[in-house]
Amino acid sequence: MTVLETQGLAAKHAARILAVAGTSAKNAALEAVARQLAAHSGEILAANRLDLEEATGMRPSLVDRLTLTQARIDSMVEGVRQVAALPDPIGAVTKMETRPNGLIIGKRRVPLGVIGIIYEARPNVTVDAAALCLKSGNAVILRGGKEAFHSNQALVRVMRDALEESGLPRDCAALVMDTSRESAAELMNLTGYLDVLIPRGGAGLIRSVAAQAKVPVIRTGEGVCHVYVDSEADLQMGAEIIFNAKCSRPSVCNAAECLLVARGIAADFLPVAKAMLDTKGVELRGDPEVRAILGESVTPASSGDWDAEYGDYILAVKVVAGPEEAIQFINGHGTGHSEAIVTSNYFTAQRFLDEVDAAAVYVNASTRFTDGFEFGLGAEIGISTQKMHARGPMGLEELTSSKYVIYGTGQVR
């Protein structure tokens with residue numbers, strides 16, 4: 001038996017205990033996790049400094065993802081406590097009816113079992129995923145990237161100690177200690193132990209996992225998000241929305257990667273938007289119409305720019321005829337994550353809402369709100385871009401399945 005199979009077997013045993021642990025026991029464990037993360041913040045920050053020292057040649061946006069601060073640890077702690085305060089989905093009966101033969105048939109919410117998470121250089125995912133899995137009754141096996149290994153190791157050690165302190169198995173949360181490609185491949189094929197695998201990261205990681213895994217996969221986080229500024233938009237509002245959607249945190253999956261502008265207002269709007277984007281040094285990659293308006297400072301866009309998830313201060317910009325072309329373009333190049341329109345026309349907004357195929361569609365708001373906390377779900381396991389089982393921010397309910405429970409009085413068929 002391999003090391004990973006041993007972890008998988010331990011996680012299955014832990015999942016059976018956790019599935020029937022009850023709300024109070026899970027909340028007590030979450031409180032212990034929060035308390036210990038706060039108490040060991042110095043140790044966690046020291047481990048993170050080791051990762052940052054080894055992060056040579058990494059893009060600034062990825063370094064930002066990797067970096068922990070006291071404020072970010074405090075946010076993790078608060079996130080764990082928010083998950084503890086959320087209603088427990090496990091055991092909820094979503095349907096109950098009596099059949100003509102007297103059988104009482106109900107549908108009850110249950111954990112998925114053992115969840116594997118493959119993710120890149122984001123230590124906050126370690127805590128978010130563990131907290132959500134714990135509250136929803138699932139054991140979790142975490143496989144982070146090598147860039148965050150020291151941070152993840154410290155975080156998981158603290159959480160496992162807290163689980164043991166609270167009376168739950170340490171193996172409710174485990175970290176894959178091997179960060180090689182071989183361990184990722186083995187995790188993708190751990191069919192006897194994992195019930196579902198959730199990749200969190202860039203499009204390359206997610207597509208690779210979906211193509212190779214034998215374990216069922218929930219695709220999350222592919223974020224080629226668009227903002228379309230309509231001819232009937234408030235131009236200042238549009239500029240502020242694209243600035244926020246691109247610049248507030250460009251490395252995350254709900255950041256905008258492409259700006260579409262209606263031809264009728266392009267000459268007035270683009271200089272306003274560029275002036276704001278210039279304050280953050282955003283590189284614009286535009287089509288010929290954009291370059292005709294803004295000049296040579298705009299890099300000519302290639303065909304690949306319309307499908308790129310930059311995760312950086314880079315923005316593709318295109319002029320379109322109007323909402324019909326914008327909708328067609330988004331449905332052709334988007335990843336089904338988050339899309340936004342800026343317009344004062346109610347009917348145009350409704351058409352955009354109806355016809356754009358994405359997990360979250362916005363009218364006059366930034367795509368950056370696609371987030372479990374902002375949606376009132378607490379922390380999230382990821383943003384699902386698929387349509388089966390879960391779509392959009394995945395909170396507690398999305399980490400559950402269901403079983404039918406049937407009460408009889410001796411009925412036979």
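**Surface and charge**

The accessible surface of the chain is about 17400 Å², and carbon and sulfur atoms own 52% of that (Shrake-Rupley method, 1.4 Å probe). Keep in mind that this is a predicted model, where local features need pLDDT of at least 70, side-chain atom pairs count only at pLDDT 80 or more, and totals for chains, interfaces and linings use all residues. Residues are numbered from 1 along each chain as its sequence is written, and side-chain values use heavy atoms, with hydrogens and water left out.

- There are 40 positive and 49 negative side chains, and the centres of the two sets sit 7 Å apart (Lys and Arg are positive, Asp and Glu negative; His and the chain ends are not counted; charges are placed at NZ of Lys, CZ of Arg, CG of Asp or CD of Glu).

**Overall fold**

- The chain holds 14 helices and 16 strands (DSSP runs: H or I of at least four residues, E of at least two, numbered from the N terminus).
- Of the 413 residues, 52% are buried (under 20% relative accessible area, 1.4 Å probe, protein chains only).
- Along the principal axes, the C-alpha atoms fill a box of roughly 75 × 65 × 35 Å.

**Helix α7**

- Helix α7 covers residues 149-166, and its 18 residues reach 26 Å from first C-alpha to last, close to the 26 Å expected at 1.5 Å a residue (1.5 Å times one less than the number of residues).
- Buried residues in α7 include F149, L155, V156, M159 and L163.

Notes. Buried < 20%, exposed > 50% of the residue type's maximum accessible area, 1.4 Å probe, protein only.
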